[in-house]
Amino acid sequence: MTELVQLLTPDGRRTTSGSGPEAEYQAFVAEVTDDDLVGLLRDMTVVRRLDDEGTALQRQGELSLWASLRGQEAAQVGSGRALEPADMAFPSYREHGVAWCRGVDPLKLFGLFRGTSLGAWDPAEHGFALYAIVVGSQTLHATGYAMGVARDGGEGAVISYFGDGASSEGDVNEAFGWASVFGAPLVFFCQNNQWAISEPYRRQSRVPIYQRARGFGFPSVRVDGNDVLATLAVTRWALRQARSGAGPVLVEALTYRINPHTTADDPSRYRPADELSTWRRRDPIDRLRTHLRARGVLTDELEASIAAEADSTAADLRARCLALPDPPGDALFDHVQVEENNLVAAERAAFVSLRGALL
Amino acid sequence: MAPTASASVRRTLTLAKALNTGLLEAMKADPKTVIMGEDVGKLGGVFRITDGLQELFGEERVIDTPLAESAIVGTAIGLAMRGFRPVCEIQFDGFVYPAFDQIVSQLAKLHYRSGGRIRLPVTIRIPYGGGIGAVEHHSESPEAYFCHTAGLRVVTCSSPADAHLMIQQAVASDDPVIFLEPKRRYWEKGEVDTTPLADLPADLRTDLGTSRVVRSGQDATLVAYGPMVRTCLDAADVATEEDGRSLEVIDLRSLSPLDLDPVVESTRRTGRLVAVHEAPSNVSLSSEIAARVTEQAFYHLESPVLRVTGFDTPYPPARLEDHYLPDVDRILDAVDRTFGY
Ligand SMILES: Cc1ncc(C[n+]2csc(CCOP(=O)(O)OP(=O)(O)O)c2C)c(N)n1
Ligand SMILES: [Mg+2]
């Protein structure tokens, strides 16, 4: 077990492969080119811009809530870009960056928070399950899915995202046990953003999350979750482990929730301000930018073009979000079950006739 | 804004603040009372119902728990066996289900199993119901599950005055209580008698199980609880203005056990009863009310007991919730129909 894998230092220097914990993971990003790194920078920049748009739209009353990922862009893009098309991801509710990597139209995320749908994307099409708001529940779905992959002889691996707070839920601990004994091809990916709403990680456990895997009998690694390169490398390693039939792996990505838990939260009631400033200095996007600047890869023009792309993606998203219609009232009766339910059918008929009478 | 101790005075409070003040009284009344839940400490709960209480009573008595509902209830049972009086907060209705086993198979049954030796004075507070434009799992009405379980008391308040009184009664009860808080009404204000429970007359101290006529009328009866009491009162106003009908409104307050005597008595007078709740209708409180009132007031009924409820679908996305939730129009439509038989 390793302490903390870091391939880019906070001031943007590439760590060299040596004898440290990094050595094993360097190989997984040995072929990453400057262009690839620019791609990661672009992803993170766009994702942050979309996230800001979510916050802005909530303030303007266009979304009822937004759960910001700010600060977690590297953890999400690094792991999301490690996935292959055949892989399946099981998110919680904050994985907008992973959704981006899986090709989910961000409008569909916004629809959830606007209240026009409960989950508008097709999980099978994107290899990205619906958001899971009931904390921890998705880790069991991921475990079962991975058990299915193993039984089908499928190629893909499965990744399950969850938070530091979620690690206390029974479901998550049961998922650890099951995935372990069934050798499920599953990567448990914990974004330890230090907080579960107002509760710091020390309220969840006395040991670091990654160390908890040991008791369940599978390997784990802790990665600097604000280092996109290290997260990419470690997740690739973990997915390979899983695919190889070695069973599950736990990755703990150390990161930080820069914004309130959601737009409904007020962290000034519980969070020390100096902690925030410490983590702001570890900003994941600045880190990669500094690195690419120092290498002469990131020019002013390139940076401007990335910013312009982010802005136009956000502007387009905003326009489409504002145009999102409310579904027709009787849509609430759709898809309750596969087979028609006579009670629901009767209620729909009464609803339609009463609404008609009231109009 | 730390809560202040209150002598016997009438104050205008929001329902949320009334709960906060009631909890403060409960904490003062019994040093064995502990509050436990996610974010109940420094944050004061996501709805601030426990605001300021950790500051006053310390971390030993107002406990920020790890994120695990089954453990919140399961450990509350253990604490209760050790003589404590836990008040658990479940953050939202949709998150009580991980604790379902601990509630229905453990908490509800230990008194029975132990031949009455074990008492579990555990209160489980749950903000419930919709109407706040929330995301999934934050708007549900799970009361029927708990009413279906022997051994639990299930109560809900509809006004600040009741919030203040009933939370103290719930905590003082030696039986487990599911205490449902109508979250869409948290910010509504009303006058509250802040007399601590112990200083109230005996009949008021122990009336947790009683329903109440909250508006008198002659033409038809509406029975509701929690968030729908306000909606029924609004409907009654409209009925008076627009149809010249006088509707009686009854607030059940206790969902299990039910106190249906006032409902039966009222229905015998008006001949018409409409039961209203946000929860779906299938095997619900209104099913039970309709059955029992029909048994007890059959010869007085001018119409079948009608029901206005949420639909038998999952709670829909927020932009559709106004269609899902009973409103004045749907209630008055049902009242109209009771006159059509
Ligand atoms: C079962 C359940 N209990 C409570 C909640 C309310 N809730 C939503 S998010 C959250 C904290 C989650 O913290 P963590 O797992 O660290 O994820 P983060 O929000 O930090 O990404 C809580 C308590 C919930 N959604 N589900
Ligand atoms: Mg967290």
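Helices (H or I, at least four residues) and strands (E, at least two) are DSSP runs, numbered from the N terminus. The model is predicted: local features need pLDDT of at least 70, side-chain atom pairs count only at pLDDT 80 or more, and totals for chains, interfaces and linings use all residues. Residues are numbered from 1 along each chain as its sequence is written, chains are lettered from A and ligands numbered from 1 in the order in which they are written, and side-chain values use heavy atoms, with hydrogens and water left out.

**Exercise 1. A threonine in a helix**

Describe the setting of Thr267(B).

*Solution.* 
Step 1. Locate Thr267(B): helix H10 (residues 261-270) of chain B.
Step 2. Check accessibility. The value is 0%, so Thr267(B) counts as buried.
Step 3. Look for a polar contact (a pair of N or O atoms within 3.5 Å; within protein, one must be able to donate a hydrogen and the other to accept it, and residues adjacent in sequence count only if both atoms are side-chain atoms). The Thr267(B) side chain reaches the backbone oxygen of Val263(B) at 2.6 Å.
Step 4. List contacts (heavy atoms within 4.5 Å). Beyond residues up to four places away in sequence, Thr267(B) touches several residues, including Thr221(B), Leu273(B) and His300(B).

**Exercise 2. Aromatic pairs in chain A**

How are the rings of Tyr161(A) and Phe189(A), and those of Phe176(A) and Phe216(A), arranged?

*Solution.* 
Step 1. Set the rule. Rings of Phe, Tyr and Trp (its six-membered ring) pair if their centres lie within 6.5 Å; planes under 30 degrees apart count as stacked, over 60 as edge-to-face and the rest as tilted.
Step 2. Search the whole structure: 31 aromatic pairs turn up over all chains. One of them joins Tyr161(A) and Phe189(A), at 5.2 Å centre to centre with 55° between the planes, and is tilted. Tyr161(A) belongs to strand S2 (residues 158-163) and Phe189(A) to strand S3 (residues 186-192) of chain A, 28 residues apart. Both residues are buried.
Step 3. Turn to Phe176(A) and Phe216(A). Their ring centres are 5.2 Å apart and their planes meet at 75°, so this pair is edge-to-face. Phe176(A) is in helix H8 (residues 170-181) of chain A and Phe216(A) in helix H9 (residues 209-216) of chain A, so the pair ties together parts 40 residues apart in sequence.
Step 4. Compare accessibility. Phe176(A) is buried at 1%, whereas Phe216(A), at 27%, is partly exposed.

**Exercise 3. Nonpolar cores**

How many residues does the largest nonpolar core have?

*Solution.* 
Step 1. Define the core: a set of buried Ala, Val, Leu, Ile, Met, Phe, Trp, Tyr and Cys residues joined through side-chain atoms within 4.5 Å.
Step 2. Read the size. The largest core has 146 residues; among those with the most contacts inside it are Phe113(A), Leu288(A) and Ile103(B). Helix H10 (residues 228-246) of chain A gives the most to this core, ten residues.
Step 3. Find the other core. It lies apart, has 23 residues, and includes Met88(A) and Phe176(A).

Key: Buried < 20%, exposed > 50% of the residue type's maximum accessible area, 1.4 Å probe, protein only.
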